[in-house]
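Please read the points below with the sequence and structure open beside you. They are meant to be checked one at a time.

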Amino acid sequence: MKVKTHSGASKRFGKTGSGKFTRKKAGKRHILTSKNRERKRRLSGRVVVDPTKTKSLGRLLPYL
């Protein structure tokens, strides 16, 4: 049986060259006027996913 990639997870997560999963930080979608400049800058960029979640992400994204 063919294994399919979870399309929602593929839009949200990426993979580094060493095989770790990356994600965007939460809290930078809306209501940005009430957040100060330093906080918005801190929320930008990507961060490595917690190692406890890599097994479940590996099942969702088998070909990533």
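1. A pocket here is an open set of points on a 1 Å grid over the protein atoms alone, where a 1.4 Å probe fits, with protein on both sides within 12 Å along at least five of seven lines. Its volume is the space filled by probe spheres set on the points, which are joined across faces, edges and corners. The largest pocket holds about 260 Å³ of space.

2. This is a predicted model: local features need pLDDT of at least 70, side-chain atom pairs count only at pLDDT 80 or more, and totals for chains, interfaces and linings use all residues. Residues are numbered from 1 along each chain as its sequence is written, and side-chain values use heavy atoms, with hydrogens and water left out.

3. Lining residues have an atom within 4 Å of a point. Among those of the largest pocket are Lys11, Arg12, Lys24 and Leu43. The lining divides into 2 nonpolar, 3 polar and 6 charged residues, with Lys and Arg counted as charged and Gly as polar.

4. Pairing needs at least two bridges found by DSSP; strands 1 and 2 (residues 21–24) have 2 bridges. Gly14 stands opposite Thr22 in strand 2.

5. Ile31 is not a glycine, yet has a positive phi of about 55°. Is Ile31 buried or exposed? Ile31 counts as exposed because its relative accessibility is 55%, and exposed means over 50% relative accessible area (1.4 Å probe, protein chains only).

Definitions and conventions. Helices (H or I, at least four residues) and strands (E, at least two) are DSSP runs, numbered from the N terminus. Buried means under 20% relative accessible area, exposed over 50%, partly exposed in between (1.4 Å probe, protein chains only).
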